[in-house]
Amino acid sequence: MDESLPQRRSINCMRTRYLDRRTFLRTTLLGGSSALLASATLPDIARSTARASTFESPIIRRKLGKTGIELPIVSFGVMRADNPALVHEALKLGIVHFDTAHGYQRGRNEEMLGEVFKNYPRDSFVIGTKVHPEEIDRKTGIPGPATTSKAFLERLDTSLKRLRLEYVDILYVHELSRRDAVLHPELLEALTLAKKAGKARHIGFSTHRNEPEAILAAIDGGVHEVVLSSINFKQAHYAEVKHAVEKAAQAGIGIIAMKTMAGAFHDREKTKPINCKAALKFVLQDENVTTAIPGITNFDHLTVNASVNTDLTMTNQELEDLALGQTQGGLYCQGCEHCIPGCPKGLPIPDIMRAYMYTYGYNDPESARTLLTSLDVPDNVCAGCSTCTAVCSKGFAISERVTDVMRLTKVPAEFIT
Amino acid sequence: MRYTAIFSLFVSIVLPALYGQDSPFPTIAGWETVAEETVYNAENLWDAINGAAELFLLYDFVDLRIARYTRGDSIEVSVELYRHRSASDAFGIYSQERHPGYNFIQLGVQGYLQEGVLNFLSGVYYVKISTLEVGDAAQNALLMIGRKVEKHLGQESAWPEIIRRFPAAGRLPNTEQYVAKSFLGYSFLNGAYIVSYDDGALFRMFVIAAETQGHAKEMAEAYCNAVPKDSVKRLDGGRYELRDSHYGVVALAVTKGYLCGIVGSSVGSREQYLRRLSNAFLK
């Protein structure tokens, strides 16, 4: 049983503290309570390379960048499961890569995995965990002054204790969305030191907004080996994400997908469930994506997801199901500049379209406003213009979008979140 | 698209301006309160707590509001209010993050205090209060603010009724849980209240409130169908015993619209404990 526990899993990313060892041992009656649910007899696990699938077709595997790790295309995001039996079953089905985080369930998620994996050969599974920076501004996405390499590494040590491991296979900084955050010196140092100390075989970060900027920053930084990114069929900027993923793959960075299910429902009222298997397959059609980590709650989900490991073919029904969900598509401006000659006022239309995407695709009006303000576009610029011949190669309603998003420049900054 | 655009602008610009008129955060003399404009909901909880959001969403999460309390230059305290659809859901997510070894205190339904952290359950709210500061002054500030917040929220401070009915003998303190979806990993077992017991060996008992007696029986039958046929014994009085390859022997009893069960017990105690549990739900 792990001897230390997180004292906070605050979203403010404050310092990690530890329970007194004796207090913990004295008061912890159950120890790893989750072990209660562990199977009575461990499955007969051979090494991952020899593990047989229960499915007839061979498991599809892909290389994770330059790490030397080869993974089945479907992995297991453990964030929703506190059930060791699901992990044991996943191993039986040929899933070998499990993703957790320092903060999930205030550390109980990592503890549960530690309890499960203590009896498995270390090279029969791949563990990725995510450690959050000490302090990060949720509005700007930039780490604050309290973010230090030391604090990050202390958290990693706690995670390793919970996991009962000497090292994790992939260590991520949890959730970075800005270039400055990806290249933050303290975080880069922390990752580098963790790797040098043998506590992480490979290093990277996770990102679930503004992903293209973060991914491209990783290429420039040359430190990160793996990026765990949101990728799904509903992303308004999917094309941009895909492009960044391609660039990263070319640079030898391994890409792992998360949030493939895009929220499980098409609508807010939760009446139209997403075909999660189709959504998973969609993301994995891109061979630059090594594997995906769908969250798994029960054996049914597990079986469905594991079946994708051997068959990526999308049925007509699955394609139809996904088309239903692509209601937010068409926000990504590819920057072809086909529109520019047709604008009598010489507006920087691609930039304005980017601001539009920030607003409605990323839900980030703050960035949109900053961008628009820097463009110095006159008020009501499209109003009354009768000579516009600007045409978008993707069919965007240019003047409508320009008029719509330019309103942001009139909103006081303090009202924009 | 047009409606989406208008809605998004409304959510991101107008709502924050309106927010604050009916604040869930108490005013505390000597402390400055700054509530974050962003109210996190099921759509954007990821922005606040990353992948941990997925577990909260399983417990019918409604919204998260955050405020920062500052006293002079000395102490800054963050208060996070996670509101769920029902008290059972709030209890469920609280129980998922609670460890039996924590330092528990009486606050709301229950809370625990650690250095720099005070978390507690209060009706439909799971409240997390934290500070970077250390020492007695900081701990006292957490407690003081916690009590003010709890009072301001005005929630009922009681454990879920089903949890209160679990038998006392052998019951391990602070092991109560509520699993909203897929208890034991089975999609047909939802809304399970669980308590751990010790009679020399550790085991767990659970209760699921069914819509009807027939529904309770359907759940039991679904479980029987999920394991090999020769692993199932159907006993008198709505009782079942089945061998599950993941959990060993599981005993079930259908009682007045409840599915009661025991997982991982020894042969000697199984019948006795299940009977006690079933009797508690016969009343």
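Which residues do ring pairs link into a cluster? In this predicted model, ring pairs join B:F56, B:Y82, B:Y94, B:Y102, B:F104, B:Y112 and B:Y126 into a cluster. Residues are numbered from 1 along each chain as its sequence is written, and chains are lettered from A in the order in which they are written. Local features need pLDDT of at least 70, side-chain atom pairs count only at pLDDT 80 or more, totals for chains, interfaces and linings use all residues, and side-chain values use heavy atoms, with hydrogens and water left out.

A pair of aromatic rings is described by the distance of the centres and the angle of the planes. Rings of Phe, Tyr and Trp (its six-membered ring) pair if their centres lie within 6.5 Å; planes under 30 degrees apart count as stacked, over 60 as edge-to-face and the rest as tilted. Over all chains, the structure holds 27 aromatic pairs. One of them, formed by B:Y186 and B:F188, is stacked, with 5.2 Å centre to centre and 20° between the planes. B:Y186 is buried, with a relative accessible area of 8%, whereas B:F188 is partly exposed at 24% (buried means under 20% relative accessible area, exposed over 50%, partly exposed in between, with a 1.4 Å probe and protein chains only). The rings of B:F188 and B:Y223 have centres 6.0 Å apart and planes at 55°, so this pair is tilted. The pair links distant parts of the chain, 35 residues apart: B:F188 lies in the loop between β9 (177–179) and β10 (192–198) of chain B, and B:Y223 in helix α7 (residues 213–226) of chain B. Helices (H or I, at least four residues) and strands (E, at least two) are DSSP runs, numbered from the N terminus. B:Y223 is buried, with a relative accessible area of 0%.

Charged groups also meet rings. The charged end of A:K259 sits over the ring of B:W46, 4.2 Å from its centre; the criterion is NZ of Lys or CZ of Arg within 6 Å of the ring centre and within 35 degrees of the ring normal. The charged end of B:R276 sits over the ring of B:Y273, 4.8 Å from its centre.

In chain A, an open sheet of eight strands has the order β3-β4-β5-β6-β7-β8-β9-β10, with parallel pairing (two strands pair if DSSP finds at least two bridges between them). At the edges stand β3 (76–77) and β10 (291–292) of chain A, each with a single partner strand, so one side of each is left without a neighbour in the sheet.
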